[in-house]
Amino acid sequence: MTTNEIKAAAPACDTCPFHHTANLMKLGVDMEDWDYVIALAGNPNTGKSTVFNALTGLHQHTGNWPGKTVTRAEGGFDYGEKRYKLVDLPGTYSLLSTTLDEEIARDFILFGQPDVTVVVVDATRLERNLNLVLQVLEITDRAVVCLNLMDEAQRHGFKVDDRRLARDLGVPVVPTVARYDKGMDKLLQAICDVATHRTICNPHRIQHLAPDLKQNVSQIAAQIKAVFPDLPNARWVALRLLDGDERIAEAIRQGELGDLTSGAPPDQSNLIHPIRLETV
């Protein structure tokens, strides 16, 4: 699938994953013997578990998130001579961290930095599901949308232009009917292409902000970028700070965001009065 928003790159080093193994270990994910880690996100009742089962088969196990009572399912699959670990995130409607499930999903995408985040959406309730998709795209530029339950959409007379949706979102969109194993081969290919750099995403991010908010976001994002120059989502971090997200403020205070970049340990002296960021 080639669009103006998704660029097919020349084959890059497919042995160089994006994820940070140390951060994944903190989240309880052991990457020994695995090449890539894939996060599976989605609203409840989108068929996410069916997608998980279709991708992993019997190669899965369950446990709890470290320090949490929330169950986590992990599985794996081989594709293109590489091994992929799939982590099933709690089903959520958003990533605003107002519930434990949202916090777990958000933190895994932000701090775990999976090589690909697959967002499963219900093709019959696309407008509601896109809220989560857009939030994921604010955090990561390595995503694939699994447009599931296409049979139900067709049965209700809905027509979904997946090519137009891919162009608008700037990430691959793959129509599937996971319970009948339809479209799963194309989903696997899309995951592989993003993980191995063959597809470079250009995700849509909301630009229409009130003038005062836009100015504040730009100012804070510039400060964050000065300290963490390789951080891929400084604008999103700035938005969360303005919303009073204490978890993100703590990540700045503790230097956790520095763990997400490839540069040297951050010099927080570049931040303009860090206490302001704590209390925004």
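The protein exposes about 13300 Å², an area computed by the Shrake-Rupley method with a 1.4 Å probe. Carbon and sulfur atoms supply 49% of this surface. The model is predicted, so local features need pLDDT of at least 70 and side-chain atom pairs count only at pLDDT 80 or more, while totals for chains, interfaces and linings use all residues. Residues are numbered from 1 along each chain as its sequence is written, and side-chain values use heavy atoms, with hydrogens and water left out.

Of the 280 residues, 50% count as buried (under 20% relative accessible area, 1.4 Å probe, protein chains only).

The largest nonpolar core holds 84 residues. Such a core is a set of buried Ala, Val, Leu, Ile, Met, Phe, Trp, Tyr and Cys residues joined through side-chain atoms within 4.5 Å. Helix H7 (residues 184–195) gives the largest share of this core, eight residues. Phe108, Leu187 and Ile224 have the most contacts inside the core. Beyond its neighbours within four places in sequence, Phe108 is in contact (heavy atoms within 4.5 Å) with residues including Leu24, Trp65 and Pro114.

Next, the strands. E3 (residues 60–64) and E4 (residues 71–79) run antiparallel, joined by five bridges; pairing requires at least two DSSP bridges. Asparagine 64 stands opposite threonine 71. Six residues separate E3 and E4 in their hairpin, and glycine 67 in the turn has a positive phi of about 75 degrees.

E4 also runs antiparallel to E5 (residues 82–88), with seven bridges. Here glycine 76 has lysine 85 as its bridge partner. Two residues lie between E4 and E5 in this hairpin, where glycine 80 in the turn has a positive phi of about 60 degrees.

How values were computed
Helix = DSSP H or I, 4+ residues; strand = E, 2+ residues; numbered from the N terminus.
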